[in-house]
Amino acid sequence: MHSTQVVGVDGELVRDLTTDGRRAITHLIRTPQGKLIVWKRFHAGCNANVQREVAALRSLSLIDDYDVIPPLLDVGDDYFVIPYYADVLRKGGLLYRLGLRLMPLGVLRRVFAALRHFYGHGYELLAVCPHHALVDESGKVTCIDF
Ligand SMILES: Nc1ncnc2c1ncn2[C@@H]1O[C@H](COP(=O)(O)OP(=O)(O)O)[C@@H](O)[C@H]1O
Ligand SMILES: [Mg+2]
């Protein structure tokens with residue numbers, strides 16, 4: 001386990017969640033308080049990307065009637081921090097282990113309802129895909145990567 005620093009928050013790197021990694025690295029961090037957070041740190045030259053994603057999170061959270069937008073826990077010049085949501089649909093996740101390989105209809109409906117709502121406010125979310133809709137054990141749906 002490495003130790004890392006998340007602006008004032010000492011944390012332990014639990015896992016690298018990075019997928020494509022072109023614009024940013026995404027790390028799962030455990031804070032000293034035991035909280036799991038996600039630290040998305042953008043590469044040099046990706047300022048526009050971090051600013052756009054932070055702006056999207058802030059704007060959408062103001063009209064988040066479906067409660068699908070993660071709260072921003074911390075923001076810096078080249079990173080932001082949001083809570084970690086253990087995704088039960090993911091490989092290794094609870095529902096996946098039980099044999100569920102499809103996204104439940106209720107989850108899709110919630111995502112689409114939220115998308116329609118945001119669209120009605122003038123936001124079209126182009127990066128939406130199943131990998132960016134997380135479902136935790138309580139069934140709460142969270143959308144990421146804007
Ligand atoms: N808050 C989070 N909770 C759980 N997993 C997350 C969270 N944020 C990101 N991830 C995981 O990390 C991956 C990469 O994050 P993402 O924001 O999609 O980065 P990129 O812009 O590089 O695609 C996601 O596909 C997802 O699997
Ligand atoms: Mg992504």
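The following exercises, each with a worked solution, concern a predicted model of a protein chain with a ligand.

**Exercise 1. Confidence**

Determine in which elements of the protein chain confidence is lowest and highest.

*Solution.* Begin with the chain as a whole: the mean pLDDT is 90, and 94% of the residues reach 70 or more. Next, turn to the individual elements. Strand S1 (residues 3–6) has the lowest confidence, at a mean of 58. Helix H1 has the highest, at 97.

**Exercise 2. Strand pairing**

*Solution.* Step one concerns S3. The hairpin of S3 and S4 has five residues between the strands, and in it Gly34 adopts a positive phi near 90°.

Step two concerns S6. Two positions illustrate the pairing: Arg41 faces Tyr79 in S6, and Val38 has Ile82 of S6 as its bridge partner.

Asp74 stands opposite Val81 in S6. The hairpin formed by S5 and S6 has two residues between its strands.

**Exercise 3. The nonpolar cores**

Identify the elements that give two or more residues to the largest nonpolar core.

*Solution.* First, consider the membership. The largest nonpolar core comprises 14 residues, and those with the most contacts inside it are Val68, Val111, Ala114, Ala133, Val135, Val141 and Cys143. Second, assign elements: helix H3 (105–120), strand S7 (133–135) and strand S8 (141–143) each give two or more residues to this core. Third, note that a separate second core has nine residues, among them Ala24, Trp39, Phe42 and Phe80.

The surroundings of Ala133 show the packing at the level of one residue. Apart from residues up to four places away in sequence, Ala133 touches Val107, Val111, Val141 and Cys143.

**Exercise 4. Buried or exposed?**

Classify Leu60, Asp65, Asp67 and Asp145 as buried, partly exposed or exposed.

*Solution.* The criterion is the number of other C-beta atoms within 10 Å: 20 or more for a buried residue, 12 or fewer for an exposed one, and partly exposed in between.

- Leu60, in helix H1, is buried because 20 other C-beta atoms lie within 10 Å. Beyond its neighbours within four places in sequence, Leu60 is in contact with Ile69, Phe118 and Tyr123. By contrast, the C-alpha atoms of Leu60 and Val38 are separated by 19 Å, although these residues are 22 apart along the chain.
- Asp65 belongs to the loop between helix H1 (47–62) and strand S5 (74–76). Asp65 has 10 other C-beta atoms within 10 Å and is therefore exposed. Ala113 is 48 residues away from Asp65 in sequence, while the C-alpha atoms of the two are 9.8 Å apart in space.
- Asp67 is located in the loop between H1 and S5. Asp67 is exposed because it has 11 C-beta neighbours inside 10 Å. Its phi is positive, at about 55°, although Asp67 is not a glycine.
- Asp145 lies in the segment after S8. With 16 other C-beta atoms within 10 Å, Asp145 is therefore partly exposed. Asp145 likewise takes a positive phi, near 65°, in a residue other than glycine.

**Exercise 5. The ligand shell**

State how many residues surround ligand 1 and how they divide into nonpolar, polar and charged.

*Solution.* Count the shell first: 20 residues surround ligand 1, and the closest are Leu17, Thr26, Val38, Tyr85 and Asp145. Then divide the shell by residue type, which gives nine nonpolar, six polar and five charged residues. Finally, relate the shell to the strands: S3 and S4 each supply at least two of its residues.

Key
Residues numbered from 1 in each chain as written. Chains lettered and ligands numbered in written order. Predicted model: local features only at pLDDT ≥ 70, side-chain atom pairs only at ≥ 80, totals over all residues. Core = buried A, V, L, I, M, F, W, Y, C linked by C-beta atoms within 7 Å. Helix = DSSP H or I, 4+ residues; strand = E, 2+ residues; numbered from the N terminus. Contact = placed C-beta atoms within 7 Å. Pairing = 2+ DSSP bridges. Near = placed C-beta within 6 Å. Nonpolar A, V, L, I, M, F, W, Y, C, P; charged D, E, K, R; others polar. pLDDT = per-residue confidence, 0-100.
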